[in-house]
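Here is a friendly walk through one protein model, written for someone who likes to know the cut-offs behind each term. Have the sequence and the structure open beside you as you read.

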Amino acid sequence: MAAAAWERFVGHRWLPKAAVVVLAAVLVAAFLLVRSERRDAHNAGVLETACGGVLPRETVRGLLPGDETWELRSDLDLTGPSGRGPRTLVRCSLDWGEYGGLELAAVPVLDVPPRGVRPRDILSAGTAKEPDRATAYRTATTQVTVGCPAGLAGYPRPVTRFRVHASLNHDEGSEVAGAAKELGTVVTAVADHVRDRGGCGGPAVKPSDVRPGPGRVAESSGDSEDSDEVPRACRWFRPGMLDGKSRDPADRERGGVTSDDADACSLSVRRTKPANRYDLTAGVSSVSWRGPLLPEVRTVYGAELAALSPAPEPKSGEKSYVLAVWAESSCSGARTLSRVRVETAASALAADRADRILDAYLASSDCRAVKVLGKVWK
């Protein structure tokens with residue numbers, strides 16, 4: 001009976017071929033299923049270990065291509081007490097295909113120590129060339145700078161900030177559109193991991209704190225890093241404070257620096273209604289010192305501090321007048337010494353505006369218990 005059925009099957013015109021096709025399809029499907037299950041298990045293992053296992057897995061899984069095998073590269077987690085402070089706190093890269101990848105890193109913000117305490121010294125330290133690991137956040141898809149009030153351990157100088165940044169690229173190398181929001185959740189998770197392991201204290205990081213890299217913001221707006229963007233240390237100033245109409249485009253020494261121990265700003269504006277032929281521009285600089293810099297400031301500026309007084313207006317006839325105003329205060333809980341310097345061709349303008357400019361500067365830094373020490377004409 002069976003032999004007869006087999007003979008009829010073999011003698012059929014198309015049944016044997018169809019059976020072979022079905023069997024091949026079953027084998028291929030089984031192979032693909034096994035390979036898919038192995039790939040999924042491999043990818044799940046990668047997500048469990050990458051970046052110390054703190055990545056939000058469902059979010060990351062939704063960002064990465066499910067039909068690709070992900071490979072973990074450059075995995076590093078050095079957070080927590082481990083002796084000497086590392087240059088990189090967390091770094092991991094998930095790659096697929098030829099160019100696709102998710103790159104994420106957390107790095108401490110290591111301020112370049114200034115060579116002195118004068119504004120020009122602080123500003124020059126701010127323009128010092130930084131290593132690539134410290135500047136990668138500028139072109140990242142998304143990034144956040146996080147405060148660490150208790151300080152990260154293991155560094156010779158206080159480190160009270162760190163940055164986390166992430167980028168996601170397609171296999172052909174282009175950036176994944178619309179990934180910034182989901183990456184914000186990833187960056188937030190890693191930032192809180194660093195905060196907790198580092199014993200930072202302070203408020204938790206929220207997804208709303210995360211922003212695109214500043215380089216990408218400049219590209220989208222058509223600006224460059226050399227654009228007229230105002231440094232954070234100078235955002236308190238308004239040209240109208242010195243009857244100016246705009247910042248002076250010829251000002252080559254303008255700039256601003258914000259660091260743990262000092263903030264400094266220097267810029268100039270074009271005067272709206274010049275009082276004389278020399279009164280084309282007016283300049284202002286501001287600087288605040290905290291912590292270990294205070295003794296050196298009192299030494300370097302000893303003669304100027306000793307000469308502080310109500311400072312009556314000087315005699316007329318000079319081409320330029322410089323008035324410096326000093327104050328002590330508590331800014332963000334730290335004892336702070338501040339100096340504002342106003343330079344104009346009209347002494348009356350400097351005398352009239354210096355106090356208001358100092359008030360605006362200190363108010364922008366949330367300074368309290370302000371004590372004005374006095375003024376001195378330079």
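Predicted model: local features only at pLDDT ≥ 70, side-chain atom pairs only at ≥ 80, totals over all residues.

Residues are numbered from 1 along each chain as its sequence is written, and side-chain values use heavy atoms, with hydrogens and water left out.

**Cores**

In soluble globular proteins, nonpolar side chains tend to be buried together. A nonpolar core here is a set of buried Ala, Val, Leu, Ile, Met, Phe, Trp, Tyr and Cys residues joined through side-chain atoms within 4.5 Å; buried means under 20% relative accessible area, exposed over 50%, and partly exposed in between (1.4 Å probe, protein chains only). The largest such core has 37 residues, and Leu64, Leu104, Phe162 and Val164 have the most contacts inside it. Helix α6 (180–198) is among the elements that supply at least two residues, and its six residues are the largest share. Helices (H or I, at least four residues) and strands (E, at least two) are DSSP runs, numbered from the N terminus. Beyond residues up to four places away in sequence, Leu64 touches Trp70, Leu94, Trp96, Leu102 and Leu168, where contact means heavy atoms within 4.5 Å. Another core, of 28 residues, lies apart from the largest one and includes Cys234 and Leu362.

**A buried arginine**

Arg339 lies in strand β11. Its relative accessibility is 6%, so Arg339 counts as buried. The side chains of Arg339 and Glu304 are joined by a polar contact of 2.8 Å; such a contact is a pair of N or O atoms within 3.5 Å, and within protein, one must be able to donate a hydrogen and the other to accept it, while residues adjacent in sequence count only if both atoms are side-chain atoms. Leaving aside neighbours within four places in sequence, Arg339 is also in contact with residues including Trp289, Tyr301, Trp326 and Lys378.
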